[in-house]
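This briefing concerns the packing of nonpolar and aromatic side chains in the structure shown below. The points are grouped by topic.

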Amino acid sequence: GQLKGIKEYINFAAIATIPFVLFAFLFSFIAYPFCVLLFKWYAAFFGIYLFILVIIVNRRPRIEDLKNNE
C-alpha cells in the first residue's frame, strides 16, 4: 500500500534492487560487454524501475486501512 516514511521507501528500494542485481550478476557470466553497458547505466535503469514500482504501490490502499474499513 501507500508508502508513508523515508524508512519505508528505503526498505522498498532495497528489496526492489534484488532482481536487478541478480539479473546483472547472471549476465556478467554470459556476456561481458553487455554487463559493462548494464553497469554503466545501472543507476538510470534502476531509478526508472523504482519510480514505476513506487507509483504502482502508492496507488493501492494500505493493508491497515483495508482492515479498519471492515
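**Packing around F46**

Leaving aside residues up to four places away in sequence, F46 is in contact with A13, A16, T17 and F20. The model is a predicted one.

**Nonpolar core**

- The largest nonpolar core has 9 residues in all: F12, A13, A16, F20, Y42, F46, L50, V54 and V57.
- Helix α3 provides the largest share of the core, 5 residues.
- In soluble globular proteins, nonpolar side chains tend to be buried together.

**Aromatic pairs**

- The structure contains 5 aromatic pairs.
- One of them joins F20 and Y42 in an edge-to-face arrangement, with 5.5 Å centre to centre and 65° between the planes.
- Because F20 belongs to helix α1 and Y42 to helix α3, this pair ties together parts that are 22 residues apart in sequence.
- Both F20 and Y42 are buried.
- The rings of F20 and Y49 form a stacked pair, because their centres are 5.1 Å apart and their planes lie at 25°.
- This second pair ties together parts that are 29 residues apart in sequence, since F20 lies in helix α1 and Y49 in helix α3.
- F20 counts as buried because its relative accessibility is 18%, which is under the 20% limit.
- Y49, by contrast, has 25% relative accessibility and therefore counts as partly exposed.
- Ring pairs connect F20, Y42, F46 and Y49 into a cluster.
- Within that cluster, F20, Y42 and F46 are also among the residues of the largest nonpolar core.

**Surface patch and F23**

- A nonpolar patch on the surface is formed by F23, F34, L37, W41 and F45, which together have about 490 Å² of accessible area.
- F23 counts as partly exposed because its relative accessibility is 38%, a value between the 20% and 50% limits.
- Not counting residues up to four places away in sequence, F23 touches F34 and L38.
- One of these contacts, F34, is also a member of the surface patch.
- The other, L38, is 15 residues from F23 in sequence, and the two are 9.9 Å apart in space, C-alpha to C-alpha.

Note on methods:
Residues are numbered from 1 along each chain as its sequence is written. This is a predicted model: local features need pLDDT of at least 70, side-chain atom pairs count only at pLDDT 80 or more; totals for chains, interfaces and linings use all residues. Side-chain values use heavy atoms; hydrogens and water are left out. A nonpolar core is a set of buried Ala, Val, Leu, Ile, Met, Phe, Trp, Tyr and Cys residues joined through side-chain atoms within 4.5 Å. Buried means under 20% relative accessible area, exposed over 50%, partly exposed in between (1.4 Å probe, protein chains only). Helices (H or I, at least four residues) and strands (E, at least two) are DSSP runs, numbered from the N terminus. Contact means heavy atoms within 4.5 Å. Patches are made of residues with over 30% relative accessible area and no salt bridge: like charges are joined within 9 Å, nonpolar side chains (Val, Leu, Ile, Met, Phe, Trp, Tyr) within 5 Å. Accessible areas come from the Shrake-Rupley method with a 1.4 Å probe; for residues, only the protein chains shown count as cover. A salt bridge is a side-chain nitrogen of Lys or Arg within 4 Å of a carboxyl oxygen of Asp or Glu. Rings of Phe, Tyr and Trp (its six-membered ring) pair if their centres lie within 6.5 Å; planes under 30 degrees apart count as stacked, over 60 as edge-to-face and the rest as tilted.
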